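Colleague: I have a new model open and want to learn how to read it. Where do we start?

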Amino acid sequence: MDPVYRPGVIPEPPELSDGQVLLRSWTYCDLPCVEEASRDPVIPTGTTVPSPFSEQAGLAFLERQWQRSASGEGLSLAITEAGTDTAVGLVCLLHRQQPGVVGVGFWTVESRRRRGFARRGVSLLSRWALGLSAVARLEALVEPDNEGSIRVLEGAGFRREGLLQAYLDIHATRADALLYSLIGEDVDPSPR
Ligand SMILES: CC(C)(COP(=O)(O)OP(=O)(O)OC[C@H]1O[C@@H](n2cnc3c(N)ncnc32)[C@H](O)[C@@H]1OP(=O)(O)O)[C@@H](O)C(=O)NCCC(=O)NCCS
């Protein structure tokens, strides 16, 4: 029988770690990570990370992440440094309109970049998600000049499928997007 794909069925994962990175639920202790992300020139433009930061806005951001599971919208986890439990970024899964298709989002704070946190976080969450019967396909949209994100996705095994012209609305102007995907057949169950 074909699996039934429907929103609201991404459960809280077990502890996901590769020894360097550990993915976990957001906690109130993660406000410094949100505060650093709020100062980034790019992160607040494509996310709900508040800018400017205030404690109240930061707490509301954390509550929105918890809500993503509760509402069935998807799942948002903190990317943390294994060993210190310090949050350095975010990786999330959000249901797309098409049943069984889930979008992947991610960012890391500037002070912790180029250490493999994003690639490891995306790789861990993607491989776990593709083991769920509700998830047939993961996809991500990237602006063509976002070299870092392209490297993250390709490093996590995503395939480039094509260029979507004038697909994104960024500050009221249209921008192209590269479409990347990952399906179960593409992945080795062990993360890189
Ligand atoms: C893009 C972003 C997530 C990368 O995070 P990161 O933690 O530095 O990524 P990683 O350390 O896992 O890097 C993975 C690879 O990309 C490379 N890379 C990272 N940033 C890069 C950049 N700006 N230019 C070129 N290569 C880059 C790394 O060197 C690494 O290469 P490797 O696979 O050969 O080792 C981070 O810069 C970010 O949050 N940017 C702003 C928000 C954003 O663009 N989010 C994604 C939206 S689709």
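Modeller: Helices (H or I, at least four residues) and strands (E, at least two) are DSSP runs, numbered from the N terminus. This is a predicted model: local features need pLDDT of at least 70, side-chain atom pairs count only at pLDDT 80 or more, and totals for chains, interfaces and linings use all residues. Residues are numbered from 1 along each chain as its sequence is written.

Colleague: Which residues of helix H1 are buried?

Modeller: Buried means 20 or more other C-beta atoms within 10 Å of the residue's own, with C-beta atoms placed from the backbone. In H1 (residues 31-38) these are Cys-33, Val-34, Glu-36, Ala-37 and Ser-38.

Colleague: How many helices and strands does the chain have?

Modeller: Five helices and eight strands. From the N terminus, the order is β-β-α-α-α-β-β-β-α-β-α-β-β.

Colleague: What surrounds the ligand?

Modeller: A residue is near a molecule if its C-beta atom, placed from the backbone, lies within 6 Å of it. Here 20 residues surround the ligand, and Arg-113, Ala-118, Arg-119, Gly-148 and Arg-151 are the closest. E5, helix H4 (117-129) and helix H5 (147-155) each give two or more residues to that shell. H5 gives the most, six residues.

Terms used. A residue is buried if 20 or more other C-beta atoms lie within 10 Å of its own, exposed if 12 or fewer, and partly exposed in between; C-beta atoms are placed from the backbone.
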